[in-house]
Amino acid sequence: MDKVVATAAEAVADIGEGASLAVGGFGVCGIPHVLIQALLELGSGELETVSNNCGLDEAGLGILLGAKRIRRTIGSYVGENREFARQYLSGELEVELTPQGTLAERLRAGGSGIPAFYTPAGVGTMIAEGGLPWRYHPDGTVALASPQKETREFNGRLYVLEEGIVTDFALVRAARGDRHGNLSYDASARNFNPLCAMAGRITIAEVEELVEPGELDPEQVHTPGVFVQRVVEVGEAGKLIEKRTVREQADDTRSGAGDEAGAPGAAPEVRRPESAG
């Protein structure tokens, strides 16, 4: 029952050429940064990734993308990554775009043993009708387009059939995990991590804090250990903030102003986001 491995390198050692990966995180919040770095150093390529987005140019899946290790990706958001756009438009990367909620449900369905489901999202668009460019030729013409999907009417409304997603491996990050693989995520770092953990045949979790079985409150277990095969403790390594913002209010010295935070005359307000992850 002890699923702990000593290092991230050991945890990803059998992820080979052409493997498919479900990868948790949203932007750089909750991403399994240490496992991704270990996979980069391992050198495996021709990977197919499933993730909400493909990281930034310098972080997350973006570092695998920049090293030309990803052949195909399934996701819902492609912004914040110039190299992603360059590879896609030049025909170096195959991209299957899917609505965000549909992506989440495809991962959950795959992890639950459900091969497909009907959803109204995408009906009447190229998501259902086909024709979305998955891969371009270098000259900008479409080399491969999405196929038409099956639709069916239920109670007078049209739905499109979407397939569940199961991958060879899943990489996730949790705030706390025990030796049995039970995982707990903090706040928004939970995002896609539980869904990706379900979808992987072999799920590898990097955890900031490793605890003994029984120490996690059962109500705080977001991913049961049955879905997790390997756990590696990484501490605070890899926690990033995608965008830092500082906002100051204009000074207003009018009499009587500034009794409440944020009111005119109050001291300039500085907001700093919490550490992502």
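Predicted model: local features only at pLDDT ≥ 70, side-chain atom pairs only at ≥ 80, totals over all residues.
I begin with helix α2, which spans residues 33-42. Of its 10 residues, 7 are buried: these are H33, V34, L35, I36, A38, L39 and L40. After the helix comes G43, which has a positive phi, near 100 degrees.

I turn next to the nonpolar cores. The largest contains 31 residues, and the ones with the most contacts inside it are I15, L21, L35, L39, L64 and I204. At least two residues each are supplied by α1 (8-11), β1 (20-23), α2, α3 (61-66), α4 (82-89) and β10 (167-178). Which element gives the largest share of this core? That element is α2, with 6 residues. As for L64, setting aside neighbours within four places in sequence, its contacts are I36, L39, L40, L47, R69 and I70.

Three strands form an open, antiparallel sheet in the order β5-β9-β8. Why is one side of β5 and of β8 left without a neighbour in the sheet? Both β5 (116-119) and β8 (151-154) stand at the edges and have a single partner strand each, so one side of each lacks a neighbour there. From one strand to the next, the twist averages 40 degrees. The antiparallel pairing of β5 with β9 (residues 157-163) extends over 4 bridges, and T119 has V160 of β9 as its bridge partner. Across β5 and β9 lies helix α5 (residues 100-111), which runs at about 155 degrees to β5.

Methods. Residues numbered from 1 in each chain as written. Heavy atoms only, no water. Buried < 20%, exposed > 50% of the residue type's maximum accessible area, 1.4 Å probe, protein only. Core = buried A, V, L, I, M, F, W, Y, C linked by side-chain atoms within 4.5 Å. Contact = heavy atoms within 4.5 Å. Pairing = 2+ DSSP bridges. Axes fitted to C-alpha atoms, helices over the stretch in contact; angles between N-to-C directions.
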